[in-house]
Amino acid sequence: MSRDPATGEAPFRNMQNRSHKITLVGAGLTGPLLAISLAQRGFSIQIFERRPDMRLTRASAGRSINLAVSTRGIHALREAGLWDQMSRIIIPMKGRMMHSLAGELTFQPYGKNDTEVINSISRADLNVALMNAAEAQGVTIHFNERCTGMDWITGGARFRNEQSGRETTVNSEVVIGTDGSASALRLDMQRRGRLNFTQEQLDYGYKELTITAGPGGKHVLEPHALHIWPRGAYMLIALPNVDGTFACILFLPFEGRESLAVLDTAEKALHFFEQRFSDAVPLMPQLQENYAVNPTGSMVTVKSAPWHVDGKVLLLGDAAHAIVPFFGQGMNCAFEDCTVFLELLDRLGPDWPQLFQEFEQARKINTDAIADLALENFVEMRDRVADPRFLFRKKVELALEAKYPRHFVPKYAMVTFHRVPYSVALSRGKIQDRLLAELCDPIARVEELDWKKADHLIHRDLIPMESL
Ligand SMILES: Cc1cc2nc3c(=O)[nH]c(=O)nc-3n(C[C@H](O)[C@H](O)[C@H](O)COP(=O)(O)OP(=O)(O)OC[C@H]3O[C@@H](n4cnc5c(N)ncnc54)[C@H](O)[C@@H]3O)c2cc1C
């Protein structure tokens, strides 16, 4: 993209866009972020959100879980001028801390050095910060307004007020659905009959739980780690909060011998925790209350196409492509959607039909890839991280990366610390898995690695990252 030599800005950024009115549906994580960048480019933006304003009634802040923000998300936040502000409410996590059944700890770094970290952030704090920043850019957010679909004849978006029941139709140049995995706009596109759609519910659910802070607000576990209690068919994870607490998530099958169906009382849950996560129990004085009160969440992979209609309506973020949370990429991927959308806008201007088409072309292959990678990582997190052979392969991966940094970047790092397309991470990851199996299977220690063979395989099968 050619930039203005005087300002360094993309040419389209300098144009007056006030006459272009855009409606966004959903003020979750992606809606406000996109709104900020569009408002910075001069567009006139309104967001309609189904829920009340979480800043006024914190109880309505929705899911209290923490999210891991990594390179793709950070890039989008930085582009919108928000990352410096966010970095005050994050805690970097350098690796996984595994808790064995006996309570022994094993630390496994995520990356090759201290800059390759993922960052724990409270969903509610991030959402509030994004909404505040959007309003500061002149974006109007209407709360308690549930989108019920489109009037496909006039092109207006239809809303029903959750308090008064009043129905309105809002006209604007385009409508962008950032209304999450159960998107009402997507549902209406389906009803219209032109949308292909698959939805795969995971047979696991989750419960949000809390590890309380120690005396003086201190963390009672290592704060710079994502804690995992891997137990084969299920797991507990904990992410640090800035106030000294940890936000925990228990992932369990819905049905079966050890399942949410069986653990149907807080007493049974406590007994289960005492047997399976005994070192966590003393840190969770509210365990029974949390378990009884917090709803059970479900997880879904959504794939849909096309994401747009007549240059008028576009789906973006989870509304277009929801994934299971095990690679910590749903939001990062949705934020990357914003990056790609804005790059196209800066190149094409508001030629919406062309832009929407190129957007989907650029993203679909990658959002499909991260959906598959996220499902694959579930097995890794709940099961394989406790396997000594898996931990050994991780060591070999880091050794190969240290020797061949241009060719061999571990799959986890490609997804988390780089911005290579997810589809490339998926395909290179498969090749690397094969190489690793070939190199690791015959040996038990890194010192035994056949470097001549490694050199041959790597140069034969992997082109340098910079030539991608
Ligand atoms: C347990 C769990 C852990 C996760 N961990 C991570 C992680 O570590 N890292 C990561 O990157 N991602 C993670 N994710 C995924 C991440 O939460 C989502 O990808 C992200 O929230 C998507 O943002 P979004 O704006 O598209 O949707 P959402 O954040 O869901 O926002 C949608 C908004 O639209 C509103 N809305 C819905 N319907 C309507 C309607 N009809 N009218 C008006 N408004 C409506 C909703 O109220 C909401 O505010 C996790 C998800 C789960 C479930």
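The buried residues are Thr30, Gly31, Pro32, Leu33, Leu34, Ala35, Ile36, Ser37, Leu38 and Ala39. Just after helix 1 comes Gly42, which takes a positive phi of about 95°.

The structure described here is a predicted model. Its protein chain has an average pLDDT of 93, and 95% of the residues score at least 70. Residues 1–8 are a stretch where pLDDT stays under 50; for them the model has 10 contacts beyond four places in sequence.

**Helix 12**

Helix 12 runs over residues 422–440 and has 19 residues; at 1.5 Å a residue it should span 27 Å, and its end C-alpha atoms are 25 Å apart, which agrees. Its buried residues include Tyr422, Leu426, Arg428, Gln432, Leu436 and Cys440. Against which helices do the buried residues of helix 12 pack? They pack against helix 2 (71–79), helix 8, helix 9, helix 10 (388–403), helix 11 (411–416) and helix 13 (451–461).

**Salt bridges**

Side chains of opposite charge can pair when their charged atoms come close. In this model the count comes to 29 salt bridges. The table gives three of them.

| Salt bridge | N to O distance |
|---|---|
| Arg96 and Glu380 | 3.5 Å |
| Glu336 and Arg363 | 2.9 Å |
| Arg363 and Asp337 | 2.7 Å |

The side chains of Arg96 and Glu380 meet in a salt bridge. This pair links distant parts of the chain, since Arg96 is in strand 5 (residues 95–99) and Glu380 in helix 9 (residues 352–382), 284 residues apart. Both Arg96 and Glu380 are buried.

Glu336 forms a salt bridge with Arg363. Glu336 lies in helix 8 (residues 330–348) and Arg363 in helix 9, so this pair ties together parts that are 27 residues apart in sequence. Are Glu336 and Arg363 buried or exposed? A residue counts as buried when its relative accessible area is under 20%. Glu336 has a relative accessibility of 7% and therefore counts as buried. Arg363 is buried too, because its relative accessible area is 3%.

Arg363 also forms a salt bridge with Asp337. Asp337 lies in helix 8 and Arg363 in helix 9, so the pair ties together parts that are 26 residues apart in sequence. Asp337 is buried, as is Arg363. Through salt bridges that share partners, Arg72, Glu336, Asp337 and Arg363 are joined into one network.

How many residues of strand 14 are buried? In strand 14 (residues 225–230), 6 of the 6 residues are buried, so the strand is largely enclosed by the rest of the structure. In a regular strand the side chains alternate between the two faces of the sheet. In strand 14, Ala225, His227 and Trp229 point one way, while Leu226, Ile228 and Pro230 point the other way, and all are buried.

Strand 14 is joined to strand 5 by 4 bridges, and these two strands run parallel. Within this pairing, Gly95 stands opposite Ala225 of strand 14. Strand 14 is also joined by 4 bridges to strand 15 (residues 235–240), and here the strands run antiparallel. Trp229 has Leu236 in strand 15 as its bridge partner. Strand 14 and strand 15 form a hairpin with 4 residues between the strands, and in this hairpin Gly232 takes a positive phi near 85°.

Strands of a sheet pair through backbone hydrogen bonds, either parallel or antiparallel.

Strand 10 (residues 156–161) and strand 11 run antiparallel and are joined by 4 bridges. Ala157 stands opposite Val170, which is in strand 11.

Definitions and conventions:
Residues are numbered from 1 along each chain as its sequence is written. This is a predicted model: local features need pLDDT of at least 70, side-chain atom pairs count only at pLDDT 80 or more; totals for chains, interfaces and linings use all residues. Side-chain values use heavy atoms; hydrogens and water are left out. A salt bridge is a side-chain nitrogen of Lys or Arg within 4 Å of a carboxyl oxygen of Asp or Glu. Buried means under 20% relative accessible area, exposed over 50%, partly exposed in between (1.4 Å probe, protein chains only). Two strands pair if DSSP finds at least two bridges between them. pLDDT is the predictor's confidence in each residue, from 0 to 100. Contact means heavy atoms within 4.5 Å. The expected span of a helix is 1.5 Å times one less than its number of residues.
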